[in-house]
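The coordinates and the sequence go in here before my entries.

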Amino acid sequence: MPSASPLTERLRRLAPEAIAFGIIGAGNTLLYLAIYWVAMPIGPVKASVLATVITTTLAYVANRYWTYRHHTRTALRREYTLFFGFNLVGMVIQSGMTYLGKYGFGLSEHDDKFLLLGMTTLGIGIATIFRFWAYRTFVFLKPPVDGHEGAITDMDATAGFAELSAIDEPGSVAHLDLRPELDPR
């Protein structure tokens with residue numbers, strides 16, 4: 001009898017990626033909300049667009065070099081263009097919720113700041129789910145599995161932090177050769 005169902009196994013392999021994506025997303029969301037709050041006097045929709053443009057670039061760098069560091073690297077122009085394009089769709093979702101709050105429900109940036117912030121936060125949640133799916137499906141391509149990539153992708157988020165901090169250390173785990181023929185198991 002297998003110890004885990006295929007769905008459970010898939011979720012277990014997806015967890016480190018989702019955790020890293022979530023940490024980056026949480027940090028960027030806080031930064032986004034801070035920029036949005038400060039820039040709201042220029043108008044809530046403009047503030048949403050400004051905050052999205054700034055946090056998109058930061059999110060790309062963080063996701064490329066941490067969350068999807070073991071995925072196949074393609075041309076920077078291709079990746080960033082797709083990343084930014086999918087972020088534009090996410091921005092439309094987020095800004096659309098803000099637009100709905102302001103013009104659909106008649107909320108004011110002067111009297112209903114917290115309600116507008118709530119509408120934006122709901123938009124962020126919906127857009128986050130879309131972005132996670134789009135990044136892993138279209139932007140950061142999975143490497144072809146030739147025997148050792150599976151072991152690397154099974155690392156947890158803590159191991160990812162350790163690997164990033166040890167990347168320049170000679171003999172660190174970041175430089176191990178994980179060829180299956182050398183595995184003592």
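Entry one. I noted at the start that this is a predicted model.

Entry two. I looked up the span of α3, residues 76-104. The helix has 29 residues. I get 39 Å from its first C-alpha to its last, close to the 42 Å expected at 1.5 Å a residue. After α3 comes Gly106, and its phi is positive, near 70 degrees.

How do the axes of α2 and α3 cross? I took α2 as residues 44-67. The two axes come within 9 Å and cross at roughly 150 degrees. Angles over 145 degrees count as roughly antiparallel, so α2 and α3 are roughly antiparallel to each other. The crossing of α2 past α3 is right-handed. I then sorted the residues of this contact: 13 are nonpolar, nine polar and three charged.

Entry four. Which residues of α3 are buried? My list reads Glu79, Phe83, Phe86, Asn87, Gly90, Met91, Gln94, Ser95, Met97, Thr98, Gly101 and Lys102. I checked what they pack against: α1 (6-39), α2 and α4 (113-139).

I picked Thr128, which lies in helix α4. Is Thr128 buried or partly exposed? Its relative accessibility is 32%, so I log Thr128 as partly exposed. Gln94, by contrast, is on the buried list of α3. The C-alpha atoms of Thr128 and Gln94 are separated by 9.5 Å. Along the chain, Thr128 and Gln94 are 34 residues apart.

Technical notes. Residues numbered from 1 in each chain as written. Predicted model: local features only at pLDDT ≥ 70, side-chain atom pairs only at ≥ 80, totals over all residues. Heavy atoms only, no water. Axes fitted to C-alpha atoms, helices over the stretch in contact; angles between N-to-C directions. Helix = DSSP H or I, 4+ residues; strand = E, 2+ residues; numbered from the N terminus. Parallel < 35°, antiparallel > 145°, perpendicular 65-115°, else oblique. Left-handed = near helix turned anticlockwise from the far one by under 90°. Nonpolar A, V, L, I, M, F, W, Y, C, P; charged D, E, K, R; others polar. Expected span 1.5 Å × (residues − 1). Buried < 20%, exposed > 50% of the residue type's maximum accessible area, 1.4 Å probe, protein only. Contact = heavy atoms within 4.5 Å.
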